[in-house]
Each structure stands twice: as structure tokens, then as C-alpha cells.
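Please open the structure in your viewer and keep the sequence beside it.

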Amino acid sequence: MKILVTGGAGFIASNVVDGYVEAGHDVVVIDNLSTGKKENLNKSATFYEMDIRSPELPKIINTEKPDIINHHAAQISVPASVEDPGLDADVNIKGLINLLEASRKSGLKKIIFISSGGAIYGEADNYPTDETYPPNPLSPYAITKLASEHYLYYYHHQWGIDYTILRYSNIYGPRQIPNGEAGVVSIFMNLLMHNKECTLYHFPERPSGMIRDYCFVGDIVEANLLALDHGENEKYNIATGVETATLNLFNVIFDSIKTIKGDLDDGLSNPRRAIARPGDITRSCLIVEKARTGLGWQPTTSLDNGIKATLEWYTKHQ
Ligand SMILES: NC(=O)c1ccc[n+]([C@@H]2O[C@H](COP(=O)([O-])OP(=O)(O)OC[C@H]3O[C@@H](n4cnc5c(N)ncnc54)[C@H](O)[C@@H]3O)[C@@H](O)[C@H]2O)c1
């Protein structure tokens with residue numbers, strides 16, 4: 001199968017590309033390298049350095065004629081979307097429309113779209129949250145992800161392009177970059193590996209931080225493989241269903257690093273506190289039953305094992 005992956009030089013999608021190549025698929029990557037890196041690119045994939053908003057994009061889709069598009073490229077930062085909602089909408093909405101317009105003209109069969117279960121439900125009353133809960137986005141980023149889902153429904157209805165929506169929770173693992181505002185696992189790891197103090201953001205009433213559902217990127221690759229031929233015109237939470245407070249996450253990372261480094265300063269074991277940033281939500285945890293039945297997917301990596309695997313990668317690559 002020929003699969004075009006947008007954002008394939010980035011953290012998650014480069015892992016997905018590796019999974020697709022390993023499974024024998026023919027993979028094409030489009031990425032503007034704004035946060036992605038050339039060294040993440042799989043050598044067997046064809047690479048186009050291009051913005052998804054580019055007027056040149058339709059030519060590539062027409063030339064490559066993929067069977068499936070897997071759309072991961074996005075403006076991914078919640079704080080950045082609060083700072084500049086126009087840019088967020090430009091990349092996440094206009095970029096998607098550019099892709100879908102080109103796709104419908106080239107006869108594309110299916111698109112796999114990456115949404116955010118960690119963001120679109122907002123402060124959900126039904127918690128943990130399943131896909132039937134009416135989303136209530138609380139940041140421009142979450143709004144553009146939800147709006148994108150509506151565009152997919154429209155393009156299916158009007159132009160017959162099938163879709164599968166994967167609503168990720170908080171994803172971590174090898175290749176996540178520590179220099180954004182997102183990606184707390186890589187941020188904590190990077191700081192602690194360099195013997196620097198970490199900051200724990202929290203709401204005043206929850207000093208141990210936000211509750212999140214952390215899912216390992218290796219499990220995400222499996223979901224993207226299954227979505228190639230399952231789950232047409234459905235949306236799925238892709239997560240673990242396990243709640244973790246930021247402080248618990250910090251402790252798991254601290255202990256893992258201490259085990260391998262030995263010389264970690266105990267003074268770093270108590271992170272500095274700061275008040276939650278605009279756009280942050282207090283808790284998010286997702287029910288993944290639908291993905292179990294609809295995609296045949298389930299998470300298999302515990303937080304401890306995922307953190308160990310991620311740390312192994314950081315130790316080799318820092
Ligand atoms: N990391 C998470 O926890 C998480 C959670 C939910 C959803 N997601 C979604 O998963 C996807 C991948 O996120 P990630 O964490 O791997 O981030 P990332 O920044 O590592 O990957 C995004 C990739 O898209 C590329 N890109 C950005 N804007 C582009 C543009 N205009 N044109 C072409 N390429 C562009 C970047 O260069 C990068 O390679 C995003 O859609 C994000 O919203 C991520």
C-alpha cells in the first residue's frame with residue numbers, strides 16, 4: 001500500500017513511518033521541518049520538504065497518488081495556540097483543507113487523522129471520557145482539532161473519502177523533543193539528565209499537578225497500522241485509561257534516571273511549582289474500549305516500561 005505521511009519527520013509520525021516501512025508499505029513523507037528533524041526520516045521513505053499549506057502540495061499528491069494519507073503534521077502546542085490562534089488555525093485548518101482538496105481531486109480512498117482526546121473534551125463531566133461525550137474544547141488548538149474532525153465528516157459525505165480519527169491522549173517516547181511547551185516526559189528527562197531543576201505546573205487546588213493519560217509511542221504505531229484497514233468513518237480514543245498526576249510521572253522519571261545515573265542530586269527530587277498555563281485543563285483520562293473492539297487495538301506498555309525505553313533512547317541520543 002502507498003501511504004503519504006504528513007509530519008513524518010516529527011516525533012510520533014516518524015515512529016509511525018518506521019512501522020509502515022517495516023510492514024512493507026511504500027511511504028512518502030511531507031514535512032516542513034519546523035519541529036521535525038531530518039535524522040528522524042526513514043531512509044526508505046520518499047521525502048518532500050514542504051509546508052502542508054503550500055500551493056505545490058496538490059502536484060505531489062497527484063504525482064504520488066497515495067492509497068492512504070496519514071495526517072500528523074500540525075501546530076501542536078496549546079500555549080502557542082493561545083498566543084497566536086491565527087497561526088494555529090492557519091496550519092491546522094488551512095493545511096488540512098489544502099490536503100483534502102488535493103486529495104478529493106486525486107481520488108484518495110482514505111485519510112487517517114490525528115486528533116487530540118487529551119484536548120478536545122475539555123473539562124469533561126463524564127470522566128474518564130469516551131467518544132460519545134460531546135467535546136468542549138478549551139484552547140484554540142483543541143478547537144482546530146475538533147473542527148478538523150468536522151471537515152473529515154464533510155469530505156466523506158460530499159466526496160466519499162473515508163476517514164479514521166485517532167484521538168490521542170498524551171504521547172511520549174523516543175524522538176520527542178524537549179524544547180517545546182508540550183512533551184512533559186522529554187522536558188523532565190532532559191532537565192534531570194543535565195542536573196537541572198524541573199517545573200511542575202498545577203492548579204492551586206491540585207499541588208501534585210494535572211492528571212493525564214500517558215501512552216507510549218510504540219503502542220501508537222500499532223494503532224496507526226491497524227487504522228490502515230479498520231475503523232472506517234469512526235473516531236477512537238487512543239490512550240491507556242490510566243490516570244497519572246504530573247508529580248507521579250516526575251517521580252517515575254526521577255527514579256529511573258537515578259537508577260542509571262547514580263549521581264542525580266537529591267535536591268532535584270522536589271520540582272519547583274508554577275501555576276497552570278492558559279489552555280491547560282485539570283484532568284484528562286480516556287476510555288479506550290471502542291478502539292479495542294473497532295480497531296482490535298490495546299495499549300501494552302506500562303508507564304514504567306515506557307519511561308525506561310524512552311530513557312534508553314535519550315541516553316544514546318543526547
Ligand atoms: N504529542 C502528543 O502528546 C500528542 C497528543 C495528541 C495529538 N497529537 C498530534 O500528533 C501529531 C504529531 O505530534 P508530535 O507530538 O509528533 O509533534 P511534532 O512537532 O514532533 O510533529 C509535527 C510534525 O509536523 C511538521 N509540521 C508542522 N507544521 C507543518 C506544516 N505547516 N507543514 C508541514 N509539516 C509541518 C513538523 O515539522 C513535525 O515534523 C500532531 O497532529 C499533534 O497534534 C500529539
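Select α2 and helix α4 (residues 85–106), which pack at an angle of about 35 degrees with their axes 9 Å apart; the axes are lines fitted to C-alpha atoms, for helices over the stretch in contact, and angles run from 0 to 180 degrees between N-to-C directions. Helices (H or I, at least four residues) and strands (E, at least two) are DSSP runs, numbered from the N terminus. What you are viewing is a predicted model, in which local features need pLDDT of at least 70, side-chain atom pairs count only at pLDDT 80 or more, and totals for chains, interfaces and linings use all residues. Residues are numbered from 1 along each chain as its sequence is written, and side-chain values use heavy atoms, with hydrogens and water left out.

Viewed where they pass, α2 and α4 make a right-handed crossing; a crossing is right-handed if the near helix is turned clockwise from the far one by less than a right angle, and left-handed if anticlockwise. To see the residues that meet, show Leu57, Pro58, Ile61 and Asn62 in α2 together with Asn98, Leu99, Ala102, Ser103 and Ser106 in α4, where contact means heavy atoms within 4.5 Å. The residues of this contact divide into five nonpolar, four polar and no charged; Ala, Val, Leu, Ile, Met, Phe, Trp, Tyr, Cys and Pro count as nonpolar, Asp, Glu, Lys and Arg as charged, and the others, Gly among them, as polar.

**Second stop: the two sides of α2**

Stay with α2 and colour Leu57, Ile60, Ile61 and Glu64, which are its buried residues; buried means under 20% relative accessible area, exposed over 50%, and partly exposed in between (1.4 Å probe, protein chains only). Seen down the axis of α2, these buried residues fall within an arc of 95 degrees, so they line one face of the helix, the arc being that of the directions from the helix axis to the C-beta atoms.

Thr63 counts as exposed because its relative accessible area is 61%, and its side chain reaches the backbone oxygen of Lys59 at 2.6 Å. That pair is a polar contact, meaning N or O atoms within 3.5 Å, of which, within protein, one must be able to donate a hydrogen and the other to accept it, while residues adjacent in sequence count only if both atoms are side-chain atoms. Just after α2, select Lys65, which takes a positive phi of about 45 degrees.

Which residues of α7 are buried? They are Val185, Ser186, Phe188, Met189, Leu192 and Met193, and, seen down the axis of α7, they fall within an arc of 165 degrees, so they line one face of the helix. These buried residues pack against β7 (170–172), β8 (199–202), β10 (214–216), α9 (246–261) and α11 (303–317).

Leaving aside its neighbours within four places in sequence, Ser186 is in contact with Gln176, Ile177, Pro178 and Tyr314.

Now move to the loop between β7 and α7, where Arg175 is found. Arg175 has a positive phi of about 85 degrees although it is not a glycine, and at 18% relative accessibility it counts as buried. In the loop between α7 and β8 is Asn195, also not a glycine, with a positive phi of about 55 degrees; Asn195 is partly exposed, with a relative accessible area of 37%.

Most residues other than glycine have a negative phi, and most peptide bonds are trans. With that in mind, select Tyr127 and Pro128, between which the peptide bond is cis, with omega near -5 degrees; Pro128 lies in the loop between α5 (117–120) and α6 (140–159).

Finally, select Gly19 in helix α1 (residues 11–22), which counts as buried at 11% relative accessibility. Not counting residues up to four places away in sequence, Gly19 touches Val221 and Leu225. The C-alpha atoms of Gly19 and Leu225 are separated by 7.4 Å, although the two are 206 residues apart along the chain.
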